[in-house]
Amino acid sequence: MGGQHRRPHGPVPQQAVDHPDGHGDARRPLLGSTPHQATGGGDDATDGRLLPASMVLLWGSAALSAIVDNIPYVATMSPVVADLAHAQGGAEQSRVLWWALALGADLGGNATAVGASANVVVLGLAERAGQRITFWQFTRYGILVTLVTVGLAVPYLWLRYFVSA
């Protein structure tokens, strides 16, 4: 853009909202001016409790990755997780947030045909071989596999980052 330097985390678009003090139509950020503010300052979002935060991130990532391809999902969530990890001091203990994102997005992509690009390829190959697999046939087995594998990730994260820490 013509030599202009773009900030990586520019302002969030503003929307007219009513202030609690009754002055309506004031302009203020919808979620915050930066990702740090949008996540409640990071530490506020986790309230210093990494286990519940990592479980919400794990299961939420699995659910969202089932309906959105996992690569754009992780690309979108990486700045949010980076902000949360930074708010925790960026220490070793915040690594659980990155693993929760990775495991949730990866394993959640198995739930539906559109959850991962490889699933679409497999459906195409199966149809070419004369074995058509419908979206709902795939999803019926995919959800079961996803629930089991994400369920197995829970004790892994708990043991690895909270018990042995």
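**Exercise 1. How two helices pack**

Helix 4 passes helix 5 in a right-handed crossing. This is a predicted model, so let's work through how the pair is arranged. Are helix 4 and helix 5 roughly parallel or roughly antiparallel to each other?

*Solution.*
- Step 1: Start with the axes. Those of helix 4 (residues 70-87) and helix 5 (residues 95-108) come within 10 Å and cross at roughly 165°.
- Step 2: Check the cut-off: angles over 145 degrees count as roughly antiparallel.
- Step 3: The two helices are therefore roughly antiparallel.
- Step 4: Now look at who meets whom. On the helix 4 side you'll find, among others, Tyr73, Met77 and Val81, and the helix 5 side includes Leu97, Trp98 and Leu101. Sorted by class, this contact has 11 nonpolar, two polar and one charged residues.

**Exercise 2. A serine in helix 3**

Find serine 65 in helix 3 (residues 50-67). Is serine 65 buried or exposed?

*Solution.*
- Step 1: Its relative accessible area is 0%.
- Step 2: Buried means under 20%, so serine 65 is buried.
- Step 3: Leaving out residues up to four places away in sequence, serine 65 touches Asn70, Gly104, Ala105, Gly108, Gly109 and Gly115. Asn70 and Ala105 also turn up in the contact between helix 4 and helix 5.

**Exercise 3. A tryptophan in helix 3**

Tryptophan 59 is in helix 3 too. Which residues beyond four places in sequence is tryptophan 59 in contact with?

*Solution.*
- Step 1: With 35% relative accessibility, tryptophan 59 counts as partly exposed.
- Step 2: Its contacts beyond those neighbours are Leu147, Val150, Gly151 and Val154.
- Step 3: Take glycine 151: it sits 92 residues from tryptophan 59 in sequence, yet their C-alpha atoms are 9.0 Å apart.

Note on methods: Residues are numbered from 1 along each chain as its sequence is written. This is a predicted model: local features need pLDDT of at least 70, side-chain atom pairs count only at pLDDT 80 or more; totals for chains, interfaces and linings use all residues. Side-chain values use heavy atoms; hydrogens and water are left out. Helices (H or I, at least four residues) and strands (E, at least two) are DSSP runs, numbered from the N terminus. Buried means under 20% relative accessible area, exposed over 50%, partly exposed in between (1.4 Å probe, protein chains only). Contact means heavy atoms within 4.5 Å. Axes are lines fitted to C-alpha atoms, for helices over the stretch in contact, and angles run from 0 to 180 degrees between N-to-C directions. Angles under 35 degrees count as roughly parallel, over 145 as roughly antiparallel, 65 to 115 as roughly perpendicular and the rest as oblique. A crossing is left-handed if the near helix is turned anticlockwise from the far one by less than a right angle, and right-handed if clockwise. Ala, Val, Leu, Ile, Met, Phe, Trp, Tyr, Cys and Pro count as nonpolar, Asp, Glu, Lys and Arg as charged, and the others, Gly among them, as polar.
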